[in-house]
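Welcome! Please take a look at the sequence and the structure first.

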Amino acid sequence: MLDFIYYPVSAILWFWHRVFGFALGKDNGLAWALAVVFLVFTLRLVLYKPFVKQVRTTRQMQELQPQIKELQKKYKNDRQQMTVEMQKLQKDHGFNPLMGCLPVLLQVPVFLGLFHVLRSFNRTGHGFGQLGMTPYENAHTANYLFNPDDVQSFLRARIFGAPLSSFITEPQSVLNSFADYGGIPDKLNIALVSIPLMVIAGLATHFNARASVARQSAEAAANPQAALMNKLALWVFPLGVLVGGPFLMIAVLIYWVSNNIWTYGQQHLVFGGMEKEEEEKKAAALERRAANAPKPGAKPVDTRKKQDAKVDADSVAVDGETPKAVQNGSKPAAGARPAGGKKRSGNRGRANQKRRR
């Protein structure tokens with residue numbers, strides 16, 4: 001059903017295992033671990049631009065918070081009109097709420113795809129096989145782009161003595177099946193590898209959330225919904241890693257750690273670049289203001305004199321005609337009459353005398 005996700009994830013993992021397996025050996029646990037890490041880096045690189053748009057959308061949302069609050073206050077008794085006005089505000093500012101959650105939504109199928117592909121390496125041991133089958137009976141079955149030899153290679157891969165496909169709560173009957181793939185692992189050994197990865201993943205999740213919350217504006221942080229999401233990101237999600245970690249394969253925990261490491265570096269890179277852009281905009285605005293300001297000791301240009309001169313020149317024209325002297329750029333001589341041979345003021349004076357009589 002979700003093969004359109006499973007096959008691309010399997011292809012990327014297959015490629016990186018071929019690369020690192022060539023250098024370290026195909027059964028080497030580090031080669032498989034690095035293949036998982038670079039699978040994460042490849043997918044996150046593809047999602048880089050959506051992440052940048054997400055950050056810009058979040059900042060834009062913070063800038064619109066005062067206007068949103070005004071609309072909520074104004075239309076608190078008319079939710080339909082409030083929705084209309086909200087959509088209009090978003091459209092006027094080119095704001096797309098979907099971009100705020102798109103990168104997170106895209107990561108969910110990626111994680112599920114990797115989780116499914118990794119579990120499919122030993123699917124009979126995790127309930128993916130048919131009833132009555134012994135653990136790892138399907139070790140000779142291909143797994144998407146991986147042939148049976150690749151599947152057995154993954155089962156033999158170990159890091160610090162713990163199989164990458166194992167997890168803390170794995171039944172002993174399943175662990176006994178590793179006898180054919182490098183020997184039966186010790187649960188304590190699995191825990192010694194899994195627990196540090198769980199702690200690192202939980203701490204990385206917390207500090208990534210803290211860095212994101214620290215960059216929020218005061219208005220955005222005061223929003224009840226944002227405050228709730230901040231608490232979930234700061235405490236509930238990291239705790240979820242610790243609680244769910246014992247049920248996750250070591251390879252999946254490696255995915256979680258590397259994903260958080262990428263997120264931490266990407267946040268600092270993107271936010272640092274945006275802060276630099278804002279500083280450059282402020283510097284450019286100050287330069288424009290300084291360029292338009294009068295120089296020290298120089299008198300400001302009085303534009304009113306130019307306007308008065310223009311009005312005087314326009315007032316000389318009579319009946320829509322401009323004197324030739326004005327047309328030629330010279331002033332009319334003193335006492336000279338405008339075109340038409342008559343003074344307009346004199347005509348008006350005679351008309352007023354007749355009315356009085």
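Gln 266 is found in helix H12; helices here are DSSP runs of H or I with at least four residues, strands are runs of E with at least two, and both are numbered from the N terminus. Gln 266 has a relative accessible area of 4%, so it is buried. Buried means under 20% relative accessible area, exposed means over 50%, and partly exposed is in between, using a 1.4 Å probe and protein chains only. Leaving aside residues up to four places away in sequence, Gln 266 touches Arg 44, Tyr 48 and Phe 51, where a contact means heavy atoms within 4.5 Å.

This is a predicted model, in which local features need pLDDT of at least 70 and side-chain atom pairs count only at pLDDT 80 or more, while totals for chains, interfaces and linings use all residues. Residues are numbered from 1 along each chain as its sequence is written, and side-chain values use heavy atoms, with hydrogens and water left out.

## The chain as a whole

The protein chain has 15 helices and 2 strands. Of its 357 residues, 35% count as buried. Among contacts with a separation of 6 or more, 69% are between residues 24 or more positions apart. The accessible surface comes to about 22,400 Å², and 60% of that belongs to carbon and sulfur atoms; these areas come from the Shrake-Rupley method with a 1.4 Å probe, and for residues only the protein chains shown count as cover.

## Nonpolar cores

The largest nonpolar core has 46 residues. Such a core is a set of buried Ala, Val, Leu, Ile, Met, Phe, Trp, Tyr and Cys residues joined through side-chain atoms within 4.5 Å. Two or more residues each come from H1, H2, H6, H7, H9 and helix H12 (250–292), and H2 gives the largest share, 9 residues. Among the residues with the most contacts inside this core are Leu 164, Ile 250 and Ile 254.

Ile 254 touches Ala 33, Val 36, Val 37, Leu 164 and Leu 197, not counting residues up to four places away in sequence. Apart from this core lies another, of 7 residues, including Leu 64, Ile 68, Met 82 and Met 86.

## A buried proline

Pro 163 sits in strand E2 (residues 162–163). Its relative accessibility is 0%, so Pro 163 counts as buried. Beyond residues up to four places away in sequence, Pro 163 touches Ala 157, Arg 158, Phe 178, Pro 185 and Ile 250.

## Aromatic pairs

A search of the whole structure finds 16 aromatic pairs. Rings of Phe, Tyr and Trp (its six-membered ring) pair if their centres lie within 6.5 Å; planes under 30 degrees apart count as stacked, over 60 as edge-to-face and the rest as tilted. The rings of Tyr 6 and Tyr 144 have centres 5.8 Å apart and planes at 55°, so this pair is tilted. The pair links distant parts of the chain, 138 residues apart: Tyr 6 is in helix H1 (residues 3–24), and Tyr 144 is in the loop between helix H6 (102–121) and helix H7 (148–156). Tyr 6 is buried at 13% relative accessible area, whereas Tyr 144 is partly exposed at 25%.

Trp 16 and Phe 38 form another tilted pair, with 5.0 Å from centre to centre and 45° between the planes. Trp 16 lies in helix H1 and Phe 38 in helix H2 (residues 29–46), so the pair ties together parts 22 residues apart in sequence. Both belong to a cluster in which ring pairs link Phe 15, Trp 16, Phe 20, Phe 38, Phe 41 and Trp 262.

## Salt bridges

Side chains of opposite charge can pair when their charged atoms come close. The count here comes to 3 salt bridges, each being a side-chain nitrogen of Lys or Arg within 4 Å of a carboxyl oxygen of Asp or Glu. One joins Arg 18 and Asp 150 (3.2 Å, N to O). Arg 18 lies in helix H1 and Asp 150 in helix H7, so parts 132 residues apart in sequence are tied together. Asp 150 is buried, with a relative accessible area of 3%, while Arg 18 is partly exposed at 32%.

Lys 26 and Asp 149 meet in a salt bridge of 2.3 Å, N to O. Arg 156 forms one with Asp 27, the closest N and O atoms being 3.1 Å apart.
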